[in-house]
Amino acid sequence: MKIKNFKINSDDQVIVKITGEVLRAFHFEIVRAEDFADFDKFEIFNEVNGEKVSTRLVIERNGVERSFRVSDKINPKERFGAEVHRLVKKNLYRIITEDLKFAGVPYGIMHGVRPTKIIHRWLNSGFGVTSHGIIDREKIAGRLRADYLTNYEKAHLLTEVAIRQMPILNSADEKTIGIYIGIPFCVTRCLYCSFPSNVLPADEKVAEFMEVLTRDLNAAAAEVRRYDFKIQSIYIGGGTPTALPEKFFVELLEKVTEAFCGDGVEEFTVECGRPDTIDDAKISAMKKFHVTRVSVNPQTMHQETLDKIGRQHSTEEVIAAFKNLRAASDWKINMDLILGLPGENLEDFRDSLKKILALAPDDVTLHALALKRGSRLQTLIADENKKLEDFDLPSDEEVRRMADAAEKILRAKNYFPYYLYRQGYISGQIENIGWCRRGAEGIYNVQIMGEQQIILGIGPAASTKVPDKNARRLQSAFNAKDLTTYLRDVDKYIKNRSNVLEIRD
């Protein structure tokens, strides 16, 4: 829907941002004065009087002006500013769905990356927990629907995932941490990718990277010793770590093992990702260094789509890589699929899911395609000579049908949802979600999304996160996404990480 004259009675950047989130959920777009528009006027007025938030919307269509108003009470038990922001979104959403008659979206006004954190906060405060310590799922789901206008299915899905995560979140004390190491190389760059990954350079550049990364690893290991941290999980991601040539890949595993591995480590993950980077030598190296969790990420099992999105491997290579990994060790194996890829429909997705489930992976992660800034797909769409339709992307409704079908299929195969996160501009307004067999939950996946555990980030684009549970805040230090900047300024990022840990101490 196109808006010609848009106005909001606030210059508060947070109010402007959250208003934009609601409008984008319904595909509203502000156009130039000379362009066609569905709304000639769209004006939003918010008012806060201390006890409630009121929102008035004035629209003009075809020369007819109309006005709508809705109010809601502020919950005095919540932080005032957060409540105002929630009600500004909720009021506008209600006007759009109830008065303008737009169909609601699955997650209502939830726009954060980690929605299960809301439920964890409620549970930790005692909400939804009976005097006998029993969690009342219906009470939690009901509050999600009332406070955030999520639909019935998503409210119960969020509740299920949040409760399932609690044993892992509660398994760590303040000294228990996770380690993330980012490897910024891939063999090719996918159409949809916005990660700061680089096509694998010559060995000389990789050697320079390994030298700098070693300094970063050793500095992080010194922090572990300084604070007497206990390492619960190690995750090597990227990029595609297995894109490294064999000698560098072995060196990486050796240095990570030397720096961090010990008897207390419960999980050691290497994100293999691209099946065309997994060979016998790298499998042997991962087995030698006691990796416990790996991934083979086909994204789709349709060759035409693989070619279209820039994945230079075949579906046969996916199956071969999986079988070789399965034969080599008893590690847990994850596989990723993407819902909403160009040219695919519900039946295509069903077929991909059926083919990977025939391999019996321990964990299946479903990502909904997101049109992210920095991706080649977004750049092409931004070209004024292109239109979204040119890329043959499935509609939001089709992507939701894919997600619904996946849930039914996976539950029937005894997989259950255990972690979930959301992104901006995500197809279908749904979620990225991990499904696994009982006992195959990824510890790192749960901890990084729960943000209740210290995560030490190493390498380009990695972030160190230190929660302050008393202040309900997260202190963070971010490494440069750009490889050249990281290599040049690594000492600065090492110092930033150290400073964040000192604030905690």
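Residues are numbered from 1 along each chain as its sequence is written. In this predicted model, local features need pLDDT of at least 70 and side-chain atom pairs count only at pLDDT 80 or more, while totals for chains, interfaces and linings use all residues; side-chain values use heavy atoms, with hydrogens and water left out.

The N-terminal elements are described first. Helices (H or I, at least four residues) and strands (E, at least two) are DSSP runs, numbered from the N terminus. Two strands pair if DSSP finds at least two bridges between them. Five strands make up an open sheet, in the order β2-β1-β3-β4-β5. Its pairing is mixed. The edges are formed by β2 (29-30) and β5 (64-73), each of which pairs on one side only. Strand β1 (residues 2-8) runs parallel to β2, and two bridges link them. Here K2 stands opposite E29 of β2.

Contact means heavy atoms within 4.5 Å. Axes are lines fitted to C-alpha atoms, for helices over the stretch in contact, and angles run from 0 to 180 degrees between N-to-C directions. Helix α2 (residues 80-99) lies across β3, β4 (52-61) and β5. Its direction makes about 140° with β5.

Several backbone features fall in loops or at helix ends. K101 sits in the loop between α2 and α3 (116-125). Its phi is near 70°, a positive value in a residue other than glycine. K101 is exposed, at a relative accessible area of 66%. For such labels, buried means under 20% relative accessible area, exposed over 50%, and partly exposed in between (1.4 Å probe, protein chains only). L149 also has a positive phi, of about 60°, and is not a glycine. L149 lies in the loop between α4 (137-148) and α5 (152-169). A cis peptide bond joins G238 and G239, with omega about 20°. G239 belongs to the loop between β9 (230-238) and α7 (246-260).

Helix α3 has buried residues T116, I118, I119, H120, W122 and L123. These buried residues pack against α4 and α5. Just after α3, G126 takes a positive phi of about 100°.

Strand β11 (residues 293-299) runs parallel to β12, and five bridges join the two. R293 stands opposite K332 of β12. Strands β12 and β13 also run parallel, joined by six bridges. M335 faces V364 of β13 as its opposite residue.

H313 lies in the loop between α9 (303-309) and α10 (315-328). At 3% relative accessibility, H313 counts as buried. Leaving aside neighbours within four places in sequence, H313 is in contact with R274, P275, D276, P298, Q303, L306 and V318.

Rolling a probe the size of a water molecule over the atoms shows where empty space is left. On a 1 Å grid over the protein atoms alone, a cavity is a set of points where a 1.4 Å probe fits but cannot get out; lining residues have an atom within 4 Å of a point. Grid points are joined across faces, edges and corners, and a volume is the space filled by probe spheres set on the points. The count comes to two cavities of 30 Å³ or more.

The largest cavity holds about 90 Å³ of space. Its lining has 13 residues, of which L366, A403, E431, I433 and W435 lie nearest the centre. The elements giving two or more residues to this lining are α5, β13 (363-368), α13 (396-412) and β15 (432-436). By class, the lining has nine nonpolar, one polar and three charged residues. Ala, Val, Leu, Ile, Met, Phe, Trp, Tyr, Cys and Pro count as nonpolar, Asp, Glu, Lys and Arg as charged, and the others, Gly among them, as polar.

The second largest cavity holds about 40 Å³. L169, A172, D173, E174, T176, Q447, Q452, Q453 and K469 line the second largest cavity. Two of these lining residues are nonpolar, four are polar and three are charged.

Conventions
1 Å grid on protein atoms, 1.4 Å probe; cavity = no way out; pocket = protein on both sides within 12 Å on 5 of 7 lines; lining within 4 Å.
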